[in-house]
Amino acid sequence: MNLITSKYFLPNVLCLLVALLPISLLSGSLVINALHVLISIIFLFEIFKEKKFNFFKNEFFYLLLILWLSFIINLFFSSHPHSGLLRSLGFIRFILLIFAIKYILLYEKEKYIKFILNIWLFIFIIVTIDLLIEYYFGQNIFGFKSNIPGRLSGFLNDELKIGGYYLGFVLVSIATLYNNKISGKKSLFIPILIFIFVSFLIGERSNFIKLFMLVFLFSIIFYNLKLSNIIFISLFLILILYGLILKNENLKYRYLHQINFSNISKSLYFQHYESAVIIFKENPYFGVGIKNFRNEIIKEKYKSKYGVNDHWNYTPDKSKTDWDNRHIITTHPHQINFEILSETGIFGFTCYLIFFILSLTKALRNYLHNKNILLLSSFLFCLIYLNPILPSGSFFTTFGATIFWMNYALMITFIKQTNK
């Protein structure tokens with residue numbers, strides 16, 4: 001039989017492309033978007049070829065369509081509709097990506113799942129080794145190094161967001177190690193500790209806190225830890241990490257000196273949150289429109305009416321290693337909940353909130369019934385990612401959104417459907 005006309009040609013290609021998603025995330029937005037397009041086209045070809053239209057008869061597909069519709073409605077109330085047009089309409093690519101991942105993972109009784117997850121695990125381990133090399137030798141295997149003391153860049157070079165990448169794949173990797181019986185339940189503690197250690201060395205404070213919370217919650221649930229064990233392990237980790245801080249001046253600066261613990265509400269990120277709240281107050285019902293925070297915050301009225309702080313007139317000097325003096329004018333609030341609130345208002349935020357409450361509730365109930373470790377891993381990631389306080393990237397950027405929706409895809413894949 002001709003390979004191209006074979007029944008398995010499109011699924012084989014789709015499997016390979018999905019397996020390469022983590023590499024695309026290390027290669028830039030152009031590669032990520034190109035892979036999105038290829039995956040979507042091949043997935044749709046496969047659905048039409050096999051006439052598997054019932055695959056879309058799924059409550060999560062309808063929830064995603066409603067969320068997408070809320071973004072499109074937002075365009076009609078946007079202060080600059082052209083700014084958010086591509087992001088609003090282009091959200092369909094994430095819906096297709098989610099269901100393409102689900103389709104290939106479940107294909108013919110999970111024929112490809114082990115291959116895909118093992119490739120993801122292998123890539124994650126390579127990234128881990130590379131980050132350790134950068135920490136000890138000052139540069140990674142390609143000679144990339146961070147221009148900010150106390151930070152690691154890894155394969156992303158001058159884009160200092162490897163911590164977000166690491167956060168996105170840590171629990172999936174732990175779950176895959178366990179499912180492959182590479183690590184037993186007790187010996188799994190070793191890679192868990194290594195991953196926490198590496199995340200700490202990366203120096204992205206918010207992503208480290210999220211990863212720590214993520215792994216901590218996973219361990220409590222997975223190991224059914226007693227309170228005494230939780231306290232002991234927490235103190236042990238804190239002492240080890242604090243010892244690392246004391247021995248490394250860059251880490252000491254990053255984790256101690258750069259944070260004003262006495263007045264954390266005045267930090268740069270909290271100022272961004274305050275800006276988002278100010279914009280929301282001025283545009284409460286539908287916000288200013290997706291990708292319009294940047295256009296709105298530069299208006300003079302916010303400075304004169306609300307007395308925006310002294311950082312207003314500062315401009316960032318990227319030649320300096322101290323980035324504390326970046327001004328409050330930015331492209332997004334650096335917190336997805338504040339971003340959704342300021343850009344889509346009460347209407348959009350309500351749709352967003354309902355979508356995730358229904359999705360996460362369904363996932364949690366299903367995990368309690370089936371105890372699937374991959375479901376637990378992806379559920380916890382989505383839960384921690386949506387926290388309302390810690391800084392994050394934009395909800396709509398290609399890099400961060402791809403990582404999030406990949407985990408969301410895993411979550412809905414392992415939710416066992418109940419026949420009525």
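How are Lys 252 and Glu 249 separated in helix 12? I looked there first. Lys 252 and Glu 249 are 3 residues apart in helix 12 (residues 249-257), so about one helical turn separates them. Their side chains meet in a salt bridge, 3.3 Å from N to O. Lys 252 has a relative accessible area of 17%, so it counts as buried. Glu 249 stands at 54%, so it counts as exposed.

**Entry: what kind of model this is**

I noted that this is a predicted model. I looked up its confidence. The mean pLDDT of the protein chain is 86. I also read that 88% of its residues reach 70 or more. Which element has the lowest mean pLDDT, and which the highest? Helix 15 (residues 300-306) has the lowest, at 65. Helix 2 has the highest, at 97. I marked one stretch for caution: over residues 308-328, pLDDT stays under 50. For that stretch the model has 43 contacts beyond four places in sequence.

**Entry: the whole chain**

I counted the secondary structure next. The protein chain comes to 18 helices and 0 strands. It has 420 residues, and 53% of them count as buried.

How many salt bridges does the count come to? I found 5. One of them joins the side chains of Lys 362 and Glu 59, at 3.6 Å from N to O. Lys 362 lies in helix 16 (residues 336-370) and Glu 59 in helix 4 (residues 59-75), so the pair ties together parts that are 303 residues apart in sequence. I checked both for cover. Lys 362 is partly exposed, at 26% relative accessibility. Glu 59 is also partly exposed, with a relative accessible area of 37%.

I then turned to Lys 161 and Glu 159. They form a salt bridge, and their closest N and O atoms are 2.9 Å apart. Lys 161 counts as partly exposed, at 25% relative accessibility. Glu 159 is partly exposed too, at 36%.

I picked Arg 87 in helix 5 (residues 81-89). Is Arg 87 buried or exposed? Buried means under 20% relative accessible area. Arg 87 has 19% relative accessibility, so it counts as buried. I listed what it touches, leaving out residues up to four places away in sequence. Arg 87 touches Ile 290, Lys 291, Arg 294, Ser 394, Phe 396 and Thr 397. I followed up on Lys 291. Arg 87 and Lys 291 are 204 residues apart in sequence. In space they are 7.8 Å apart, C-alpha to C-alpha.

**Entry: helix 13**

I compared the span of helix 13 (residues 268-282) with what is expected. The helix has 15 residues and reaches 22 Å from its first C-alpha to its last. That is close to the 21 Å expected at 1.5 Å a residue. Which residues in helix 13 are buried? I wrote down Leu 268, Gln 271, His 272, Tyr 273, Ser 275, Ala 276, Ile 278, Ile 279 and Phe 280.

Ile 23 lies in helix 2 (residues 21-25). Its relative accessible area is 39%, so Ile 23 is partly exposed.

**Entry: two positive phi values**

Where is Lys 51 found? I found Lys 51 in the loop between helix 3 (29-50) and helix 4. Its phi is near 55°, a positive value in a residue other than glycine. Lys 51 is exposed, with a relative accessible area of 63%.

Glu 108 is not a glycine, yet it has a positive phi of about 45°. Glu 108 lies in helix 6 (residues 92-110). With a relative accessible area of 35%, Glu 108 is partly exposed.

Definitions and conventions. Residues numbered from 1 in each chain as written. Predicted model: local features only at pLDDT ≥ 70, side-chain atom pairs only at ≥ 80, totals over all residues. Heavy atoms only, no water. Helix = DSSP H or I, 4+ residues; strand = E, 2+ residues; numbered from the N terminus. Buried < 20%, exposed > 50% of the residue type's maximum accessible area, 1.4 Å probe, protein only. Expected span 1.5 Å × (residues − 1). pLDDT = per-residue confidence, 0-100. Contact = heavy atoms within 4.5 Å. Salt bridge = Lys/Arg side-chain N within 4 Å of Asp/Glu carboxyl O.
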